[in-house]
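These are my notebook entries on one protein model. I record what I looked up, entry by entry.

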Amino acid sequence: MTTVKSMMNLRPWWKTAVVYQVYPRSFMDANGDGIGDLQGIILKLDYLKQLGIDVIWLNPIYDSPNDDNGYDIRNYYQIMNEFGTMEEFERLLLEAHQRGIRIVMDLVVNHTSDEHPWFLDSKTSKENPYRHFYFWQDQPNNWGSIFGGSAWEQDPTTKEYYLHLFSRKQPDLNWETSEVREEVYRLMKFWLDKGIDGFRMDVINAISKVPGLPDGEVKPGDRYASGGEFYMNGPRVHEFLQEMYEKVLSHYDIMTVGEAAGTTPEQALLYTAPERHELNMIFQFEHMDIDAGSGGKWDIRPLRLTELKAVLSKWQEKLHNRGWNSLYLNNHDQPRMVSRFGNDKEYRVESAKMLATILHFLQGTPYIYQGEEIGMTNVAFPSIDDYQDVEIKNMWQERVIEGKEDPEAVLSQIHVKGRDNARTPMQWSDSLNAGFSTGDPWMKVNPNYVDINVEQALNDRHSIFYYYQALIRLRKAYDVITDGKYHLLLPDHEAIYAYLRETVDEVVFVAANFSVENQAIEWPEGFDDKYAACLIANYEDAPVSEEGFTLRPYEARVYHLRIGA
Ligand code: NOJ
């Protein structure tokens, strides 16, 4: 699948690829049990081909008791029953490859399920050979779990405590133990030898913990320390990844993307600079944190465009020619991008296209989260019982049941930030259950499926879907989108996001309005109303004058100049 263009430029294929993220549980249910499955994904491959994407990233599909929807793995070598069989997986891989689509799997090796045989053995006695696969202590330290409460759970058999940075059903693996690492490399090879095209590595920057697991500082008003400084980008993380590269990754033509919250661009270069032989790119989180206050994710504060621009620009500039960016505005852990950064009411279509424009002209590999391409929005279910996510449930228990906080106030935070915003079933049509399932869906569908669905999008030539299709085509047609240097314009403007991308022979000018008011913008140097060609715009017409043009509510335009032409 290496294209002539990528061979000529000696670019690795993932630098020109667009990735589509599939959350299998919510994508398409082919057997009517209410849960998405592998057959369902196979049924929709032609749809993805039509969109034009190159790669599918599959959220975990391994055998799991589903405490955290597959991020708690019981058997790395088996497919989750609800999703199908290994034969169906192989069929999916084959059918995807036949359409020129690659498949990247989730690699979840910071922790396993507490039902994994290693853990079941590990907890039987202090002498068990698997004891050192996990972290056991006779007393917990003061770290809190990312999903609430202590990060330690006491096990009745030996009365010792084990570490779980996430839910108590997700014990952390101890990467200091070389057998753990060897087991991980073995399972990676098993999947790579089947022909998969890479890994998205779950919380990979947390695999090296500071020895001794020291207590952290507890902030006033908190019960636990975050402990993050003792496990994020820890002392041996680069050594472990270089070992993984040498033993596994270097032997395959694949792509790797590491999830790495709390990482700065300088640290990102340590992970992604090609000469260091670690990963191709990471998911950084800085732009996901700008609408949160010091109290963390649920401490919601208004978003400022200047901050979003500053963060994205910093990452563009610092990684240029040295590392590589992944580009995303939402995923299965984040609210829907059009609800968070756009306007999901009267300007839903315009703002979804505008956000896509901003993202897809940046340097890096863009990721589209399922449903983003039709402008799916957040959901506001009326009751906590409508929610499924372990993070939401733990937080409700802690704050409403135990902490007696106002349930309505907490529910409204869930409406804004809860992970289930992204996990409602994919909206395929306006028929029963949005065409996702003929059974009872594992999670309620967003009631707006009657208006927002794939069938509607495919029947409307102005839909968000076709706009994404055009964006993907442009990326393949213009080298400047892959290679160009980024330059932010109007950094202090609170409504306009405008930037240039430049190579020696091409310049692209991207201008977008993040507000409901008209905004005037002047041509940047070198551009004018006669020679600049409009590559794409989200309104039907694009009037200009000699000086510049006016961006209407959530309008986005992209102009192109060939230098010397
Ligand atoms: C990050 C994943 O994206 C998220 O869904 C999961 O809950 C945690 N890691 C734990 O595996």
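Entry 1. A residue counts as buried when its relative accessible area is under 20%. I note at the outset that the model is predicted.

I looked up N59, which lies in the loop between β2 (55-58) and β3 (62-63). Is N59 buried or exposed? Its relative accessible area is 1%, so N59 is buried by the cut-off above. I then asked which residues N59 touches. Leaving aside residues up to four places away in sequence, I found Q21, V22, Y23, P24, Y71, D106 and H332. With one of these, Q21, there is a polar contact between side chains, at 2.9 Å.

Entry 2. I recorded an open sheet of eight strands with parallel pairing, in the order β11-β10-β9-β5-β2-β1-β15-β14. Its edge strands are β11 and β14 (326-327), each of which pairs on one side only.

Within this order I examined one pair. Strand β9 (residues 198-201) pairs with strand β10 (residues 255-259) in the parallel sense, over four bridges. I noted that F199 has T256 in β10 as its bridge partner. Strands of a sheet pair through backbone hydrogen bonds, in either a parallel or an antiparallel sense.

Entry 3. For an antiparallel case I looked up strand β19 (residues 519-522) and strand β21 (residues 548-551), which are joined by four bridges. The bridge partner of I521 in β21 is F549. Which residues of β19 are on its covered face? They are Q519 and I521, while A520 and E522 are on the uncovered face. In a regular strand the side chains alternate between the two faces of the sheet.

Entry 4. Last, I looked up the second largest pocket, which holds about 640 Å³ of space. How many residues line it? I recorded 30 lining residues, of which P12, W14, K15, P274 and N280 are the closest to the centre of the pocket. The elements that give two or more residues to this lining are α1 (4-9) and α16 (479-483).

Technical notes. Residues numbered from 1 in each chain as written. Predicted model: local features only at pLDDT ≥ 70, side-chain atom pairs only at ≥ 80, totals over all residues. Heavy atoms only, no water. Buried < 20%, exposed > 50% of the residue type's maximum accessible area, 1.4 Å probe, protein only. Polar contact = N/O pair within 3.5 Å; in protein donor to acceptor, adjacent residues only side chain to side chain. Contact = heavy atoms within 4.5 Å. Pairing = 2+ DSSP bridges. 1 Å grid on protein atoms, 1.4 Å probe; cavity = no way out; pocket = protein on both sides within 12 Å on 5 of 7 lines; lining within 4 Å. Points joined across faces, edges and corners; volume = space filled by probe spheres on them.
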